[in-house]
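Reader: I'm new to this one and would like a close look at a single part. Could you pick a spot on the surface and walk me through what surrounds it?

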Amino acid sequence: MHARYGIWTGKITAAHILLIMPTPDFGFLDNAGTAGHHIAQLDWATHPLGPIACWPPALRTSLSIILSSGFPSYIAWTDQLYTLFNGPYLELMAERPGALQGTSMGALWPEVAGPVVSICSQAFAGEPMYFQDMSLPITRGGFTGPNYFTFSVSPIRNEHGVICGVLGTVIETTEKVLALARHQEAEERYRLSLEAGGMGTWSVDPDTGMTVLDERFAHLFGVVPEVAARGVSIEYFTQIIHSDDRADVIAAVTQSMQNGTAYDIDYRIVPKAGKTVWVSAKGRMFTDVSSGKRRFAGVATDITERKEAELALRETHRRKDEFLAMLAHELRNPLAPISAAANLLRMRTLDPERIAMTSEVIGRQVAHMTNLIDDLLDVSRVTRGLVTLDTEEVSLNDILTDAVEQAMPLVRAKGQHISLKLAPEATLVCGDKKRLVQVLSNLLNNAAKYTPDGGHIQLAAAITAEHVEINVTDDGIGMNPAFASRAFELFSQAERTSDRASGGLGLGLALVKSLVELHHGTVSAFSAGLGTGSTFSVVLPRLTQRHEKKGGAVFEDAVRQGEAPLRIMVLDDNQDAALMLAMLLESVGHEVTVEHTATAALRRSAAVRPDVFLLDIGLPEIDGNALARSLRAQPETAGAVLIAVTGYGQEHDREATRLAGFDHHLVKPIDTGYLLTLLAGVAEAKG
């Protein structure tokens, strides 16, 4: 083997002589460039191909052709595939400085020797070979990776038709293949982006108006995909654009096409079959690289859900603003008579009868404000899931009769007639009786408010095997059917007159819905229209099997009078509130001490030793809970009864006072009857 070529270096045999056909003509190497020069300079005497002068005509002719070709080409001669190549082929081997002319194909490309030698051998056997973008793991820059080539290999025959070698032409297509792969990857990412964004593509020919759509956009516009791919006339799109948006869309398209500005518009379309769809379209003029033709193209997105959500949000904000305005109105209304009553009580000439009337006015207005605030808090607690139901087996008739009893004051005041259709006595439901009565009384009060004086209201129960249905029907003002579908939404209000004669905040129905759903039931409203009355229906699961009640004790709530007086300390930083509560307690015989700061109350308590403390929670410096803990730690007051009197009434507020050591938690404005009963019980236990 010759060390320089890595090939056989023995003497030329008679067999070689038969193939070579010597000639002294070297003209085929003239003007053959660097590759020809290299061939001419090499010592071929010891090479299996022999001296150049002895090379056969077929080899010299083929070599002359490739040396003058601008395409990377090579000749692999004899079945040993000794390779001669031209200048462009040499450029493919720029990183193979040791690659010499005459080296065997396998030695020239050792990392791909297998496939390359196999292809050349097949061509040498008489089978022309062609491959496009074939991947070969070529080593370049110390890294072996896929490189791509398009090449053909054909057999070379001598003048006798005998195959002596093969001729190969090669074009490296690595950059083209990788660019195509990057393009396909970008196309796939683009497709995925369109799919994820719910977008479709469109392209308009400005000259003809024909519009080509992708499948997603075709579906959006109600066009058969096969038709959309061929093109749809611009007139079709003009027809399905919502009439209110058509002029704006045409103007935006015209401006973009004429000025080259971006096209960006939201509009509605009304396909021939289907509901109105909101579309967001974006695009601009493009020049097609291949044809040079101008096109107006872009993307479109179905934004119907977003638009509907925006409309719903705006409607919610509108109802919220309306609600806040009504809330301010409702809270101010009771303040007017209360303020007037306060001014009246300052007059020293009032007789006892006028004082009693004034007190009743204040009491009624305070009760009204309390109900408003309770409604607000109830809705807040229920909608946030902070209400725990005290469920038990309840007679449906008990719920119905209690609800009617609560609604009767308003019904009587308006001279209305109420009829009650009870269920069979054995009908039971599982639920919180107080809350279920609240549901039905709210519906009855709602019916009474919107039924004229002298009108009729019916409360009726219908029973099935698994459910009970309770209907509240009136012959009042009725509702627009569109409003009936959202009557139970928070802040939802039907049209009212400016005098707000019916009162209320419209929270009752939202509360009804939440409470019914907590009982695994449903509620609905129906009205044929304004002036036709309304029906509200509550459906609850029916309890078909009674269960034994576990534990529990029956207690009687009675107001005790004539008990021994108690020593009571009232603490509130609101001096008016503290004074009025002290006057009330003193009027029934109790000894009352009043303080306005926690520090003063704690200092004085050791000397006075009250039996009962009525403590506000939201105090400056030291809050009521911290004071309660101090009182429990003080020997003189450790056994006193601690009652929280506060405006905070949430469940976590009650838990905080319990942990601080309070015995009771009353929410302002307090029920004075309940407080007096509570104190009577303390007095009885003390005595």
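Author: Let's start with a nonpolar surface patch of about 310 Å², made by L579, M580 and M583. Keep in mind that this is a predicted model. Is M580 buried or exposed? M580 has a relative accessible area of 53%, and because exposed means over 50%, M580 counts as exposed.

Now for the pocket. M580 also turns up in the lining of the second largest pocket, where I362, V366, D576, A577 and M580 are the residues that lie nearest the centre. That pocket has a volume of about 1400 Å³, and 32 residues line it. Which elements give two or more residues to this lining? They are α12 (304–345), α13 (352–383), β18 (567–571), α18 and β20 (612–615). As for the make-up of the lining, you'll find 23 nonpolar residues, plus five polar and four charged ones.

The largest cavity has a volume of about 180 Å³. Its lining has 14 residues, with Y89, W109, V116, L136 and V170 closest to the centre. That lining is made of 14 nonpolar residues, with no polar and no charged ones, and α6 gives the largest share, three residues.

How values were computed: Residues numbered from 1 in each chain as written. Predicted model: local features only at pLDDT ≥ 70, side-chain atom pairs only at ≥ 80, totals over all residues. Heavy atoms only, no water. Patch = residues over 30% accessible without salt bridge, like charges linked within 9 Å, V, L, I, M, F, W, Y side chains within 5 Å. Areas by Shrake-Rupley, 256 points an atom, 1.4 Å probe, with all protein chains shown as cover. Salt bridge = Lys/Arg side-chain N within 4 Å of Asp/Glu carboxyl O. Buried < 20%, exposed > 50% of the residue type's maximum accessible area, 1.4 Å probe, protein only. 1 Å grid on protein atoms, 1.4 Å probe; cavity = no way out; pocket = protein on both sides within 12 Å on 5 of 7 lines; lining within 4 Å. Points joined across faces, edges and corners; volume = space filled by probe spheres on them. Helix = DSSP H or I, 4+ residues; strand = E, 2+ residues; numbered from the N terminus. Nonpolar A, V, L, I, M, F, W, Y, C, P; charged D, E, K, R; others polar.
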